[in-house]
Amino acid sequence: MQKISVLLFLAWIGFLFYAGIALFTSGFLLTRLELNNHSSCQEPPGPGSLPWGSRGEPGACWMASRFRRLVLVVIDALRFDFAKPKLSQVSGEPPVSLPFLGKLSSFQKILEIQPHHARLYQSKADPPTTTMQRIKALTTGSLPTFVDAGSNFASYAVAEDNLIKQLTNTGRRVVFMGDETWNDLFPGAFSQAFFFSSFDVRDLHTVDNGILEHLHPTMDSGEWDVLIFHFLGVDHCGHKHGPHHPEMAKKLSQMDQVIQGLVERLENDTLLVVTGDHGMTTSGNHGGDSELENSAALFLYSPTALFPSAPPEEPEVIPQISLVPTLALLLGLPIPFGNIGELIAEVFSEVEDSQPHFSALAQASALHLNAQQVSRFLRTYSAVAQDLQVKELHRLQNLFSKASADYQQLLQSPQGAEAALQTVITELQQFLRGVRAMCIESWARFSLSFLLLHLLAAGIPITTPGPFTVPWQAVSAWAFMATQTFYSTGHQPVFPAIHWHAAFVGVSEVPGFTWLSALMVGANTFASHLLFAVGCPLLLLWPFLCESQGPRKRRQPPGNEAEARVRPEEEEEPLMEMRLRDAPHHFNAALLQLGLKYLFVLGIQILASALAASILRRHLMVWKVFAPKFIFEAIGFIVSSVGLCLGIALVMRVDGAVSSWFRQLVLSHQRAGEQSSLVYTGAGSSAREAQPHLLPSCSQEPLAPGTSSFYNLKP
């Protein structure tokens with residue numbers, strides 16, 4: 001077997017594994033580029049004058065604020081049907097026994113008593129439906145993915161523009177109580193905070209009771225502008241018991257009492273928002289993209305009239321990220337730079353004005369601001385990233401240009417243009433919805449692959465004939481030793497545990513993070529994978545090093561049996577690794593067999609990680625544990641496969657060099673033998689028979705086609 005054939009075949013197998021990794025990653029590990037741009041009141045989102053409602057108002061930003069304070073209640077895993085009223089039994093049909101129905105009765109009571117003050121929406125969350133990604137969506141208005149490539153890769157902190165940062169930039173006092181995940185995402189952002197651990201999903205009450213202990217005293221103190229509560233009891237009850245357990249009814253009843261208490265304490269300048277970050281499956285889990293996981297409840301309430309009409313019979317379905325631009329403009333804040341959500345238009349109607357034209361104009365003004373901000377984001381993002389569809393992006397920008405021109409024309413003659421105003425509103429909404437659909441297509445396609453290429457590569461036969469076979473247990477132990485060394489050197493398969501200080505080892509001055517720095521960090525992290533892969537070809541010596549050290553009978557050449565009977569029995573030491581000379585034409589095949597075995601063991605490891613991430617995609621810790629583990633295994637496999645090819649190429653290079661040297665040695669011995677034969681010719685044959693050891697007896701077997709090995713030589 002030719003050397004180049006061995007390396008090319010191993011490279012082909014590695015390529016199959018790489019393709020399988022890429023196939024799985026493209027559908028599971030959703031990625032996008034994170035921008036660090038921020039919106040500000042001093043910089044409008046686009047050309048043209050600001051909406052008429054913001055002019056002349058002290059402290060006004062893009063739009064005059066409607067509320068001075070906000071109370072945001074996040075009930076983790078508050079599925080939409082948890083907020084539904086208890087259905088009346090239909091005659092002739094069996095009653096439906098769902099413990100969670102009707103437990104949040106305060107929603108229905110408020111909607112019936114104050115229909116212009118409240119709304120219930122069905123909020124649709126985008127995958128992945130995990131708490132951290134949903135909190136990011138609720139504060140940035142973007143589509144957070146597993147890998148938000150940006151400057152904050154070493155931590156979970158949100159670096160892109162968000163509502164919390166906008167609130168603190170304008171001097172608002174933000175007080176938080178609940179899930180400690182917010183501390184990881186927004187470290188140091190809160191004027192006062194009470195964090196509670198969210199790790200123990202069997203604990204239904206510690207976090208909620210801790211919030212209730214501080215809720216009313218903090219609210220009554222008045223030392224706040226924004227209150228955020230994140231309750232975990234409903235989510236933990238789902239994980240522990242499921243949504244149909246009686247404990248779920250108790251938890252929802254407790255949340256209902258909390259909401260009633262908040263409504264009673266609200267002042268006229270305060271907006272109450274109650275929302276779930278995601279839903280849950282029938283088994284109580286979440287993380288995927290099923291209907292029950294994506295569906296969450298969203299409830300808005302204001303002590304003053306906020307909506308121009310009564311709520312519809314069936315709640316409207318809106319994207320979850322629509323809450324971000326809505327809250328930003330209602331509170332007089334700039335919309336976060338990376339938001340792609342469409343605001344809730346009916347919230348910006350002029351309730352006190354009976355003329356529908358002015359209400360429609362107010363909605364159009366808010367939507368135009370929203371569209372300007374989204375258009376600015378698209379221009380900035382498409383200039384630094386290429387993952388958006390160019391044709392669709394061009395179409396949407398043309399649609400926005402037309403809608404913006406129509407809007408500016410309406411401002412010149414606002415009277416008597418109701419039909420044109422509705423057309424502008426429709427065009428702006430089409431633009432915003434088209435942008436979100438395009439971004440979902442690029443960033444949030446949650447599809448699972450079956451790793452067919454992995455199975456194809458793993459199923460290639462790896463048994464080759466020949467006397468040199470490295471035991472499976474040796475190959476497996478070698479691969480597991482690489483993994484053990486990874487952990488024993490202080491590494492863990494999570495991003496915050498990466499040894500970033502390795503980037504500056506040997507550097508007197510701290511430079512910026514360069515490619516050299518990244519290479520040093522990678523070498524520090526995956527050094528065990530590289531070293532063990534390069535050293536893997538040495539396992540060919542394993543069977544020979546295990547040979548017995550006892551004496552062996554010296555083998556006699558064929559035809560010398562009579563001489564063997566006359567001469568006393570001689571012993572020889574075991575040849576050990578030199579036994580490779582017995583079959584030199586199998587040497588390259590043995591290297592190929594060893595390489596395939598090692599790739600197979602590594603492939604089993606990464607396949608197990610991929611299956612674990614897929615099966616447990618709705619597990620609470622999937623994006624903190626299982627998905628990072630898959631990423632580290634994938635990178636480790638790539639490093640190991642490259643190192644393996646380098647190691648095998650190095651062994652082949654050494655083999656060729658030693659073989660060439662032995663050829664020269666044989667030729668020199670042959671010349672010396674010829675000269676010695678001339679000297680001994682005159683002395684007769686008796687002298688040669690008396691001292692046969694004086695003559696070199698090295699011989700060279702013919703090489704197999706394409707083989708060059710020093711093991712071809714036989715003394």
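1. Overall composition. The secondary structure of the chain amounts to 22 helices and 14 strands, where helices (H or I, at least four residues) and strands (E, at least two) are DSSP runs numbered from the N terminus. This is a predicted model, in which local features need pLDDT of at least 70 and side-chain atom pairs count only at pLDDT 80 or more, while totals for chains, interfaces and linings use all residues. Residues are numbered from 1 along each chain as its sequence is written, and side-chain values use heavy atoms, with hydrogens and water left out.

2. Confidence. The chain has a mean pLDDT of 81, and 76% of its residues reach 70 or more; pLDDT is the predictor's confidence in each residue, from 0 to 100. Two stretches deserve a remark. Over residues 88–93 pLDDT stays under 50, and the model has one contact there beyond four places in sequence, contact meaning heavy atoms within 4.5 Å. Over residues 149–154 pLDDT also stays under 50, but for this stretch the model has 16 contacts beyond four places in sequence.

3. Burial and contact range. Of the 715 residues in the chain, 49% are buried. Buried means under 20% relative accessible area, exposed over 50%, and partly exposed in between (1.4 Å probe, protein chains only). Among contacts between residues at least 6 apart in sequence, 78% join residues at least 24 apart.

4. The eight-stranded sheet. An open sheet with mixed pairing has the strand order β6-β5-β7-β2-β8-β9-β3-β10. Its edge strands, β6 (192–196) and β10 (317–319), each pair on one side only; two strands pair if DSSP finds at least two bridges between them. On average, neighbouring strands of this sheet are turned by 20 degrees against each other, direction ignored.

5. Strand β2 and its neighbours. Seven of the seven residues of β2 are buried, and the strand is mostly covered. Arg69, Val71, Val73 and Ile75 point one way from β2, whereas Leu70, Leu72 and Val74 point the other way, and all are buried. β2 runs parallel to β8, to which six bridges join it, and Arg69 stands opposite Thr270 in β8. With strand β7 (residues 226–231), β2 pairs in the parallel sense over six bridges; here Val73 stands opposite Phe229.

6. The β8–β9 pair. Strand β8 (residues 270–275) and strand β9 (residues 295–301) run antiparallel and are joined by four bridges. Within this pair, Val273 has Leu300 in β9 as its bridge partner.

7. Ala77. This residue lies in the loop between β2 (69–75) and α2. Ala77 is not a glycine, yet its phi is positive, about 65 degrees. Because its relative accessible area is 0%, Ala77 is buried.

8. Packing of α2 on α8. Helix α2 (residues 105–113) packs against helix α8 (residues 246–265) at an angle of about 40 degrees, with the axes 8 Å apart. The arrangement of α2 to α8 is therefore oblique. Axes are lines fitted to C-alpha atoms, for helices over the stretch in contact, and angles run from 0 to 180 degrees between N-to-C directions; angles under 35 degrees count as roughly parallel, over 145 as roughly antiparallel, 65 to 115 as roughly perpendicular and the rest as oblique. In this contact, Ser105, Ser106, Phe107 and Ile110 of α2 meet Asp256, Ile259, Gln260 and Val263 of α8. The residues of the contact divide into four nonpolar, three polar and one charged, where Ala, Val, Leu, Ile, Met, Phe, Trp, Tyr, Cys and Pro count as nonpolar, Asp, Glu, Lys and Arg as charged, and the others, Gly among them, as polar.

9. Helix α10. Eight of the eight residues of helix α10 (residues 323–330) are buried, so the helix is largely enclosed by the rest of the structure. The buried residues in α10 are Leu323, Val324, Pro325, Thr326, Leu327, Ala328, Leu329 and Leu330. Gly332, with a positive phi near 75 degrees, follows α10.

10. Ala385. The loop between α11 (356–384) and α12 (390–412) holds Ala385, which counts as buried because its relative accessibility is 12%. The C-alpha atoms of Ala385 and Arg32 are separated by 8.7 Å, although these residues are 353 apart along the chain.

11. Glu427. Helix α13 (residues 418–443) contains Glu427. With 9% relative accessibility, Glu427 counts as buried. Not counting residues up to four places away in sequence, Glu427 touches Leu399, Lys402, Ala403 and Asp406.
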